[in-house]
Amino acid sequence: MSDTTSERITVESLNPTERARLANTLTGYLSGLEWPANPAEQAAVGRDFVPAFEATLPHLAQVLQDVKSGKLLAAYFTGLPQEPSEARIVLLAMSSMLGATFNYSSQNSGELVMRLVPITGSAGNTNATRGEFKIHTDDAALPRDARTEYINLYGIVNPPGTLTSYAAASDALSELDPSVIDVLREARFSLRFPTSFGFGAEMWSAPCPILVGAEDDIELRFPSYATRPSREGDEVALAAIERLAKALDRHAVGFPLDPGCFLTFNNYRGAHKRGAIGESERLIFRTYSTRTLDFLRDVTGSHGPIFPIDSFAKKISA
Ligand SMILES: [Fe+2]
């Protein structure tokens with residue numbers, strides 16, 4: 001972990017007694033359980049494990065409640081199970097304590113528990129790149145209610161020293177000049193839709209602000225490598241983008257997603273990045289969870305939890 005700290009990020013470690021209790025609870029739950037292929041049924045398996053998780057690890061359940069209420073912006077746990085069939089159930093249970101679990105059908109093969117693995121030669125600043133993945137919020141070009149509120153990551157294999165980092169927007173803004181913050185609140189920025197959506201050509205959002213909300217409840221949408229001034233030659237907007245990226249970088253707190261480690265963070269109220277992976281293997285399980293799926297259901301006509309978002313995204317692009 002880096003030595004930068006934020007009062008809105010907590011670190012928890014399971015002690016040996018808690019590990020043994022969770023292992024016991026999982027053994028009981030897993031006996032006779034067949035992992036379903038259907039994402040809605042997988043989500044149900046995770047939800048069904050929640051009461052057992054809460055009874056076994058009440059302290060971690062409280063921390064997740066604090067993330068959900070906004071008291072905390074991120075939480076990092078170590079000492080969870082490392083075996084993938086156990087990990088995915090614990091991850092889905094924790095994810096469903098934060099909200100409804102979902103994915104877009106064009107992202108990571110539309111899996112509810114996404115498998116993030118590096119792919120040699122993949123485009124830069126994607127979850128498959130072996131290079132550094134720069135500071136960003138996920139799916140920023142989509143409207144707020146179509147974006148995930150929480151990103152939940154669970155380490156299965158991680159090269160030593162590869163860190164995933166989170167920066168609270170409020171921490172970064174504390175060092176920016178108020179005039180820069182004012183610019184970031186204006187609708188003078190365009191955001192590129194993620195390449196992971198598989199659109200043939202580059203697609204950009206209509207002009208929008210990067211920051212919204214009151215000072216103590218600020219939200220951002222900011223892929224630092226895929227944000228540009230909407231008007232060509234807008235040097236003030238360009239300078240504001242660069243200042244924000246640097247401030248977020250300076251306030252990013254890093255965590256290794258080693259086997260059995262879990263990191264969840266608020267995707268509206270902070271940005272994240274990942275260091276270079278190098279040539280080693282890596283496997284991270286990821287889920288998205290959010291307060292309500294109503295908007296995604298409305299715009300896609302699908303009940304979910306896997307949503308075909310591409311035609312809606314094309315409709316709203318500039
Ligand atoms: Fe991301």
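Tyr154 has Phe262 as its bridge partner in strand 13. Strand 6 and strand 13 run antiparallel and are joined by 5 bridges; two strands pair if DSSP finds at least two bridges between them.

Before going on, two remarks on what you are looking at. This is a predicted model, in which local features need pLDDT of at least 70, side-chain atom pairs count only at pLDDT 80 or more, and totals for chains, interfaces and linings use all residues. Residues are numbered from 1 along each chain as its sequence is written.

Is strand 13 (residues 262-266) enclosed or open? Of its 5 residues, 5 are buried, so the strand is largely enclosed by the rest of the structure. Buried means that 20 or more other C-beta atoms lie within 10 Å of the residue's own; 12 or fewer makes a residue exposed, anything in between is partly exposed, and the C-beta atoms are placed from the backbone. Both faces of strand 13 are covered, with Phe262, Thr264 and Asn266 buried on one side and Leu263 and Phe265 buried on the other.

What does Ile156 touch, beyond residues up to four places away in sequence? The list is Pro84, Ala87, Pro259, Leu283, Ile284 and Phe285; contact means that the C-beta atoms of two residues, placed from the backbone, lie within 7 Å. Gln82 is 74 residues from Ile156 in sequence, yet their C-alpha atoms are 6.2 Å apart.

Now the core. In soluble globular proteins, nonpolar side chains tend to be buried together. In this model the largest nonpolar core has 83 residues, and those touching the most other members are Ala74, Leu244, Leu248 and Leu263. Such a core is a set of buried Ala, Val, Leu, Ile, Met, Phe, Trp, Tyr and Cys residues joined through C-beta atoms within 7 Å. Helix 4 (residues 84-98) gives the most to this core, with 9 residues. Leu248, leaving aside neighbours within four places in sequence, is in contact with Ile135, Ala167, Ala172 and Ala271.

There is also an open sheet of 4 strands, in the order 5-14-7-12, with antiparallel pairing. Strand 5 (133-136) and strand 12 (253-256) stand at the edges with a single partner strand each, so one side of each has no neighbour in the sheet. Strand 7 (residues 163-168) and strand 12 run antiparallel and are joined by 4 bridges.

Some backbone details. Ser109 has a phi near 55 degrees, a positive value in a residue other than glycine. Ser109 is found in the loop between strand 3 (100-104) and strand 4 (114-116), and with 10 C-beta neighbours inside 10 Å it counts as exposed. Asn125 also has a positive phi, near 55 degrees, and sits in the loop between strand 4 and strand 5. Is Asn125 buried or exposed? Asn125 counts as buried, because it has 21 C-beta neighbours inside 10 Å. Where is there a cis peptide bond? It joins Gly304 and Pro305, with omega at about 10 degrees. Pro305 is in the loop between helix 8 (294-300) and strand 16 (306-307).

Last, the whole chain. It has 9 helices and 16 strands. The radius of gyration is 19 Å, close to the 20 Å that the globule rule gives for 318 residues, so the chain is as compact as a globular protein of that length. That radius is taken over C-alpha atoms, and the rule is 2.2 Å times the number of residues to the power 0.38. Of the 318 residues, 42% count as buried. Among contacts with a separation of 6 or more, 80% are between residues 24 or more positions apart.

Notes. Helix = DSSP H or I, 4+ residues; strand = E, 2+ residues; numbered from the N terminus.
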